[in-house]
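These are my notebook entries on a structure I looked up. The sequence and the model are shown first, and the entries follow by topic.

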Number of protein chains: 2
Amino acid sequence: MAIWDQEDHKDLPLYQRLYGYIRREIEQGKLKAGDKLPSVRQMAKEYEISRNTVETAYLQLLEEGYLISKQKSGYYVEHLQPDWFERKGSERGKAEQSEEPQEKQQDKQQDKQQACSPDKQGIERPTYDFIYGETDRDAFPYQEWRSCVQEAIRWEETEGGTYDNNVFGELELREQFADYLYRARGITCQPDEIIIGSGTQQLLMVLCQTIGKDKPVLGMEEPGYDRIRYVFQNHGCQVVPITLDTEGMRVNELMKSNAQLAYVTPSHQYPYGMVMPIQRRMQIIEWAKQTGGMIIEDDYDSEYRYVGKPIPALKGLDEEGAIIYMGTCSKLLLPSLRISYMVVPHQVIRENKQAFRQYLQTVPRFLQIALALFMKKGEWDRHIRRMRTRTKKKHQLLIQALQNELGEKIEIIGSEAGLHLLVQVKTKDTENELIQKALAHGVKVYSIQSYRTKPTESSYPVCLLGFGAMPLDRIEEACGALGRAWG
Amino acid sequence: MAIWDQEDHKDLPLYQRLYGYIRREIEQGKLKAGDKLPSVRQMAKEYEISRNTVETAYLQLLEEGYLISKQKSGYYVEHLQPDWFERKGSERGKAEQSEEPQEKQQDKQQDKQQACSPDKQGIERPTYDFIYGETDRDAFPYQEWRSCVQEAIRWEETEGGTYDNNVFGELELREQFADYLYRARGITCQPDEIIIGSGTQQLLMVLCQTIGKDKPVLGMEEPGYDRIRYVFQNHGCQVVPITLDTEGMRVNELMKSNAQLAYVTPSHQYPYGMVMPIQRRMQIIEWAKQTGGMIIEDDYDSEYRYVGKPIPALKGLDEEGAIIYMGTCSKLLLPSLRISYMVVPHQVIRENKQAFRQYLQTVPRFLQIALALFMKKGEWDRHIRRMRTRTKKKHQLLIQALQNELGEKIEIIGSEAGLHLLVQVKTKDTENELIQKALAHGVKVYSIQSYRTKPTESSYPVCLLGFGAMPLDRIEEACGALGRAWG
DNA sequence: GGGTATTTGTCCGTATGTATG
DNA sequence: TCATACATACGGACAAATACC
C-alpha cells in the first residue's frame with residue numbers, strides 16, 4: 001500500500017489519487033517551489049504502478065500550473081502566488097449568507113418542544129440533514145425482505161397454529177437472536193432468556209413494571225438518551241445522573257449513590273461515544289455484585305465499529321446474572337420496523353415470570369417470523385457486512401471533510417464507531433446560535449441539551465451529527481455548507 | 001460443471017452460488033487478504049457464464065466488505081476484521097440442554113400462575129377449545145392482506161420519506177380510523193386526536209405515564225379484564241373495583257369513590273356482556289363533569305352485535321372532552337397483528353403533547369400503511385360484514401346447542417353480542433372441577449376468576465366460552481362433549 | 001520516451017422465466 | 001388467459017489502467 005493511498009477514497013482512479021497527493025504536498029508546503037519530483041520511471045517503480053499512470057498525474061498537475069516540465073530534465077514545482085488559496089476560500093464564504101430570514105419562527109417553536117430529542121416533524125426540509133436514528137434506506141434489501149414477509153404471512157396462514165403464540169416472542173426468532181448474540185457479541189444465552197418487544201422504550205416499560213418496582217433508584221449516564229430517562233422517570237423511578245469520564249460512567253459515583261439499577265451504554269456511550277474499557281467493566285460488575293444491583297446494558301449501536309477489534313458486550317462478562325442486555329434492529333434494518341429484544345437472566349425471569357406474562361407480546365407475529373426467516377437465510381449477517389462497509393465510508397469521508405472545512409476550529413468527539421459523532425466548535429457562539437447558523441446554510445445539526453439533566457456550564461458548544469441516513473455523495477457538500485456557516 | 005457449483009443448492013441463482021463460493025474461500029482463508037481475484041472476464045470465460053453474472057457476485061461481496069475494488073485494476077480480498085463471524089455456533093447447540101428439565105414443571109406452575117388470563121402456552125391441545133381472543137383465521141382475506149402488505153413495503157421503499165414519521169401513527173391510517181369511527185360508531189373526531197399503538201395494554205401504558213400521573217385512582221368494573229388492571233396497578237395506580245348490576249358499572253359506587261379515572265366497557269361489558277343503557281351513560285358522563293374525571297371507554301368488541309341496533313359508542317355523547325376511546329383490530333382481523341388505537345380529546349392532547357411525544361410509535365410503519373390500504377380498498381368493511389354473518393351463525397348455533405345439551409342445567413349470560421359468552425352451571429361442583437371435567441372430555445373452557453379482585457362468594461360457578469376461533473362445524477360436537485362432561 | 005494493443009472495471013440496454021393478480 | 005412486475009442472465013460499449021513493442 002502506497003503512502004499517498006492511505007487516507008484517500010479507494011474508488012478514485014489511481015492517477016487521480018496520485019495527483020491529489022502531490023497537489024496536497026505542494027499546497028501544504030512539503031514540496032517547495034523549484035523542488036524536483038521523482039522521474040516518471042522512478043515514481044512508477046516505487047509504487048508499483050504503470051509509467052503512464054504517473055505521467056497522467058504529472059500532466060494534470062502541469063496543466064493546472066502546479067508543476068513545470070523541463071525537457072529531458074524532469075518535473076519541477078512551480079512558484080505559486082502565496083495567498084492564492086486563501087482568496088479562494090473567502091469569496092465562497094460571503095456568497096451564500098443571504099438565506100436566513102425565513103425559518104426563524106419555526107425554530108423557536110421547536111426549541112420549546114425540544115424537551116424531547118430530535119423530532120421528525122420538522123416542516124421545512126433542510127438541504128442537508130444530519131439526523132440521528134434514521135438509516136440508509138437505499139441499502140436495505142427490500143427485495144429479500146418482501147419475500148420473507150410474504151413467506152411469513154403464508155406460513156401463518158397455513159401452519160401458524162393458535163397455540164404457539166408466545167408472550168415473549170416467537171421461538172424461531174429468539175433462537176436466531178441467541179445465535180447472533182453468541183457469534184457477534186460474545187453473549188451466551190438461551191432463547192428463553194430473550195424477550196422481544198417493539199422498541200427499547202417498550203421493553204424498558206415492561207422492565208420498570210416488573211423488576212423495576214422494587215428498585216426505584218436508577219443510575220444513568222449523564223448525558224444520556226432522554227427518551228430512555230423519561231421512561232424511568234414516568235414510572236416514578238428516581239433517576240440519578242452519573243457523570244462520565246473518558247472511560248464512560250464513573251462507577252465510583254454510582255457506588256456512592258443509592259442506585260439499585262444502572263443504565264449504561266458500554267460499547268459506545270450515547271452520545272459521547274467513549275468505549276468502556278475492561279477495568280471499568282469489571283468495576284461496574286463488581287458494583288452489581290456488592291450491592292445486589294442490576295445493570296441494564298443498552299447495546300444500541302453494536303453493529304457499527306470501524307477501527308480496531310469489535311468490542312464484546314458487557315453481558316459477556318456477566319457471571320452473576322446481574323445484567324440485562326438490550327439490542328435493537330432499528331439501527332441496522334429500519335427504525336420503523338419496531339423490533340428490539342432484551343436478554344434477561346434466567347433467575348430474573350423465573351422470579352418475575354408471572355409479572356412478565358401479564359404483558360402481551362407487542363410485535364406482530366408475522367413480522368417476527370419474517371425476521372427469523374431473514375436471519376436464517378443469512379440476510380441479516382449479509383446486511384451487517386453491507387452496512388458496515390457502507391457506513392464506514394461515510395464515516396471516514398465525514399471526518400475528513402469536517403477537518404478539511406473546519407480544521408482547527410473544531411474537535412471531533414467519539415469517532416470510532418456508531419452512526420453519529422459530536423462536533424465541538426471552538427467559538428463564542430452558543431449551541432443554539434451554531435444550530436441556527438448551520439440551518440441558515442441548509443444544514444441541520446442537532447443539540448444534545450435534552451440529553452442532560454442540568455445545562456452545561458463551561459467549555460465550547462457541542463453539536464450532534466448523525467450520518468447514518470446521509471447519502472455518501474452529499475457529505476462533502478454538507479460539510480462545505482457547514483464550513484461556510486461556521487468558518 | 002463448475003467447481004464452485006458442486007456442493008451447492010442447485011436452485012440458487014448462478015450469481016449467488018458464485019458469491020457463496022468465493023465468500024467461503026475467503027472465510028476459510030484459502031483466499032487471503034490482498035489476493036487478487038480473477039478479472040470479471042476471466043472468471044466469466046472460465047465458467048462459461050456472463051460477465052455480468054460474475055460482476056453481480058463481485059459487487060455483492062464488495063458491498064459486504066469481503067472485497068475491495070481498484071478501478072481498472074482488479075478485485076482484491078479485503079482485510080477482514082478478526083473474529084466477527086468466526087464463532088460458528090457449534091458449541092451452542094449443546095449448551096441448550098443444561099436448561100433444567102423444566103417443561104413439565106412449567107405447566108404445574110402455570111396453573112398456579114393463572115393469576116393471569118388464558119395463557120396460550122398450553123402444550124397438549126384439547127379437541128375443542130373455546131378460547132377467547134383468537135379469531136377465525138379461515139375467514140381472514142390473506143390474499144388481499146398480502147397484497148396490501150406488499151404494496152405498503154413498496155411504498156415505503158420508493159416514497160416513504162424520512163420526515164413524515166409520526167409518533168402518533170401514520171396520517172393515512174388515522175384518517176381511515178376517524179372515518180370508520182364516524183360511520184360505524186357515531187364518533188366524530190379528527191385524525192390528530194387518534195393515537196395508534198400495538199395493543200390496548202401498550203396504549204394504556206402511555207396513558208398511565210402521561211395523563212395518568214396526576215390521576216392515580218382508577219375505578220374499574222369488577223369483574224374486569226385482568227390484563228388491563230395489571231397495567232394500572234403496575235403504574236402505581238390505585239384500582240378501585242366498582243361492582244356491576246344489569247346496566248353495567250354502578251356509577252353510584254364510582255361517585256362515592258375518589259376515583260379520577262374510570263375504565264368502562266359500555267358497549268359490551270367484559271366479561272359479563274351487559275350493555276350500558278342510555279341513562280347510565282348520561283350518569284357516568286355526569287360523573288366526569290362533576291369531578292373533572294376522565295373516562296376510558298374500551299370498545300374492544302364493537303364489530304360484533306347480533307340482535308337489535310348497533311349500540312353507538314359512549315364517546316359519541318361526549319361533549320366535554322372527557323372520554324378517551326379505545327379500539328382494536330385484534331378481534332376483527334388477527335390478534336397477532338397488534339394494532340390498536342385510541343381517540344384522545346384535543347384538549348388532553350394539547351395539554352400533554354410533550355409527554356405523548358416522549359414515546360416513539362410502536363407499530364411498524366409499513367404495517368400501518370398496509371392497514372390503511374386495506375381499509376381504503378374497502379376490505380375492512382367487507383371483512384366486518386363477512387365476520388358478522390359468520391360469527392352470528394356460530395353464536396346462534398352455540399346457544400342452541402348448549403340449550404339442547406344442557407337445557408335447564410345452565411344459564412347463558414351476555415348473549416347479544418361479542419365473541420364469547422358466560423355459562424353458569426347449576427351444580428355443586430366448583431369452577432375448577434367443571435373446567436377439569438370438560439377438559440377430560442376434550443373441551444377447554446375458561447375461568448373468569450382472574451378477572452375478579454376478590455374471589456366470588458355465593459351463587460353457581462361460571463365458565464367463559466369464546467367462540468370466535470371455533471369452527472362452525474365443530475360447535476355441536478363440542479357442546480355434545482360438554483353435555484357429557486357436565487350432564 | 002512514445003505508441004499501441006490488451007486487460008480491466010463499469011455502465012447500458014435487453015431477453016427470459018416466474019410469480020402475481 | 002392475459003398483463004404486469006421482477007429477478008436473473010446476457011452481451012455491447014466505453015474509459016481507465018496496464019502491458020508490450
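**Entry 1: helices H7 and H14 of chain B**

At roughly what angle do the axes of helix H7 (residues 171-185) of chain B and helix H14 (residues 379-406) of chain B cross? I found that these axes come within 12 Å and cross at roughly 40°. Axes are lines fitted to C-alpha atoms, for helices over the stretch in contact, and angles run from 0 to 180 degrees between N-to-C directions. Helices (H or I, at least four residues) and strands (E, at least two) are DSSP runs, numbered from the N terminus. Angles under 35 degrees count as roughly parallel, over 145 as roughly antiparallel, 65 to 115 as roughly perpendicular and the rest as oblique.

I noted that H7(B) passes H14(B) in a right-handed crossing. A crossing is left-handed if the near helix is turned anticlockwise from the far one by less than a right angle, and right-handed if clockwise. On H7(B), the contact (heavy atoms within 4.5 Å) is made by B:Phe177, B:Tyr180 and B:Arg183, and on H14(B) by B:Trp380, B:Asp381 and B:Ile384. By class, I recorded 4 nonpolar, no polar and 2 charged residues in the contact of H7(B) with H14(B). Ala, Val, Leu, Ile, Met, Phe, Trp, Tyr, Cys and Pro count as nonpolar, Asp, Glu, Lys and Arg as charged, and the others, Gly among them, as polar.

**Entry 2: basis of the model**

The model is predicted, and I kept its thresholds in view: local features need pLDDT of at least 70 and side-chain atom pairs count only at pLDDT 80 or more, while totals for chains, interfaces and linings use all residues. Residues are numbered from 1 along each chain as its sequence is written, chains are lettered from A and ligands numbered from 1 in the order in which they are written, and side-chain values use heavy atoms, with hydrogens and water left out.

**Entry 3: helix pairs of chain A**

I next looked up helix H7 (residues 171-185) of chain A, which packs with helix H13 (residues 365-376) of chain A at an angle of about 40°, the axes being 8 Å apart. H7(A) and H13(A) are therefore oblique to each other. Their crossing is left-handed. Residues of H7(A) in the contact include A:Leu173, A:Phe177 and A:Tyr180, and those of H13(A) include A:Ile369, A:Leu371 and A:Met375. The contact of H7(A) with H13(A) has 7 nonpolar, 2 polar and 2 charged residues.

Helix H8 (residues 200-209) of chain A packs with H9(A) at an angle of about 25°, with the axes 10 Å apart. H8(A) and H9(A) are therefore roughly parallel to each other. I recorded a right-handed crossing for H8(A) and H9(A). Among the residues that meet are A:Leu204 and A:Met205 in H8(A) and A:Ile228 and A:Val231 in H9(A).

**Entry 4: DNA strand C**

How many residues surround DNA strand C? I found 19, of which the closest are A:Arg41, A:Arg154, B:Arg41, B:Asn52 and B:Tyr75. A residue is near a strand if one of its heavy atoms lies within 4 Å of it. The surface near DNA strand C has 2 nonpolar, 9 polar and 8 charged residues. Sugar or phosphate accounts for 50% of the atoms of DNA strand C within 4 Å of the protein, and bases for the rest.

An N or O atom in the side chain of B:Ser39 is 2.9 Å from a phosphate oxygen of DNA strand C. I also noted a polar side-chain atom of B:Tyr75 at 2.6 Å from a phosphate oxygen of DNA strand C. For B:Lys72, a polar side-chain atom lies 2.9 Å from a base nitrogen of DNA strand C.

**Entry 5: backbone geometry**

I looked up a cis peptide bond joining A:Glu222 and A:Pro223, with omega about 0°. A:Pro223 lies in the loop between strand E5 (217-222) and helix H9 (226-234) of chain A. In chain B, the peptide bond from B:Glu222 to B:Pro223 is cis, with omega near 0°.

Methods
A polar contact is a pair of N or O atoms within 3.5 Å; within protein, one must be able to donate a hydrogen and the other to accept it, and residues adjacent in sequence count only if both atoms are side-chain atoms.
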